[in-house]
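Here is a short briefing on one protein–ligand model.

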Amino acid sequence: MVELPLRPCGVLIRGCGSATPSRSISNEDLGQRVETSDEWIRSRTGIGARRVVGTNESLIDLSAAASSAALEMAGWPAESLDLILLATSTPDDLFGSAPRLQSRLGASHAAAFDLTAACSGFLFALITAAQYLRSGAMRRILVVGADQLSRWVDWNDRRSCVLFGDAAGAVVLESRDDGQDDLLGFLMRCDGSRGEVLQLPQIKTHAPLVGEATHQCGGFEPIRMNGQEVYKFAVREVPAILEALLDTTNCQAEQLDWLLLHQANQRILDAVAERFSIPKTKVLSNLANYGNTSAATIPLMLDEAVRDGRVQPGHQLASSGFGAGLSWGAALLRWSGPA
Ligand code: ACO
């Protein structure tokens, strides 16, 4: 039985990590598969290459590598974790891949489960983890965003296959009762009525069971996307939710050190930055190297910027995740880093 503190606790981000598959596929490489060009892909999306999981790698390998790096940065043993949240839409096991990650890490005291919210998944998982930490019910949580969309992309559909890649990113969070807090505000939204513009749907095939009865067969169709509708959704909703976030947290755009958005398309990043008059130098982007890695983009980008020294302790970041569902969210974060 956990004894809960009387006042809500703060949440500190103590470490981050990431991992990407070794194989990089350039735009020129993709031109061997579909009718496209480096010029088309770069000018419409900002993407130059993407990583794709190969035969000797898996989603769990990437997740474990990212998680180990985050734990190492924080200086925490895996046994000290209370919970592992794995945000993914592409698990190795539909029953959940988080328990496998828990076992790989040796996080023997941690509960573990998957959370599915497509490209909003990491942000939704971070916010969910924060509630366990705020209540004081848990002290240390690992949040992972990992996706292997290369499994579910139609590699013959040039309108979508050029966008996606595989990766994993992770952060470790700590509950604090001394007034410090790195989650300064958040908002979450969903509109299932518009979900058909971006789907990875279950196949409709049915097979005979007994007598007249049939059962639906397992399996999924490839990703179906209406790119223009997704684009319109992103450039309308992301600035709106960020504006609401800044209002509710009494934060001015000038006070932000970084804009840390889901990496879907450079044109979306540019449109959001322009809306808030945020200089491009403050907009984190690694689309050129990795494309859209779904739930992994935000922690992958954060890890890169922390490790190369752009993001420093005390920096404030406005983050927004958005994607299939449709779902979208935003959080005002501070980076504390290791104690
Ligand atoms: N190479 C060359 N030509 C192409 C390609 C390609 N890879 N893809 C499409 N085209 C062609 C089309 O066939 C079309 O030709 P046509 O006019 O002869 O029919 C032309 O280019 C224009 O196509 P559009 O679809 O209008 O291109 P658009 O400017 O809208 O750009 C894009 C497409 C890049 C997909 C854009 O709509 C976009 O970025 N949308 C957002 C998508 C996104 O971010 N999805 C992920 C969301 S996050 C998640 O949850 C997974």
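**Ligand site and sheet**

A polar side-chain atom of Arg44 sits 2.7 Å from an oxygen atom of the ligand. The protein buries 75% of the 1000 Å² that the ligand exposes when taken alone. The model is predicted.

**Ligand surroundings**

- The ligand is surrounded by 24 residues.
- The closest are Thr36, Arg44, Cys119, Gln228 and Asn265.
- Trp40 contributes a side-chain N or O atom, 3.4 Å from a nitrogen atom of the ligand.
- Gly227 uses its backbone instead: an N or O atom there lies 2.9 Å from a nitrogen atom of the ligand.

- Four strands form an open sheet with mixed pairing, in the order 8-15-14-13.
- Strand 8 (183-190) and strand 13 (258-261) are the edge strands, and each pairs on one side only.
- On average, neighbouring strands of this sheet are turned by 10° against each other, direction ignored.

**Strands 13 and 14**

- Strand 14 covers residues 316-323 and pairs with strand 13 in the parallel sense.
- This pairing runs over 4 bridges.
- In strand 14, Ser319 stands opposite Leu260.

**Helix 7 on the sheet**

- Helix 7 spans residues 227-248 and packs on the sheet.
- Helix 7 touches strand 8, strand 13, strand 14 and strand 15 (327-334).
- The direction of helix 7 makes about 40° with that of strand 15.

Notes
Residues numbered from 1 in each chain as written. Predicted model: local features only at pLDDT ≥ 70, side-chain atom pairs only at ≥ 80, totals over all residues. Heavy atoms only, no water. Pairing = 2+ DSSP bridges. Helix = DSSP H or I, 4+ residues; strand = E, 2+ residues; numbered from the N terminus. Axes fitted to C-alpha atoms, helices over the stretch in contact; angles between N-to-C directions. Contact = heavy atoms within 4.5 Å. Near = heavy atom within 4 Å. Polar contact = N/O pair within 3.5 Å; in protein donor to acceptor, adjacent residues only side chain to side chain. Areas by Shrake-Rupley, 256 points an atom, 1.4 Å probe, with all protein chains shown as cover.
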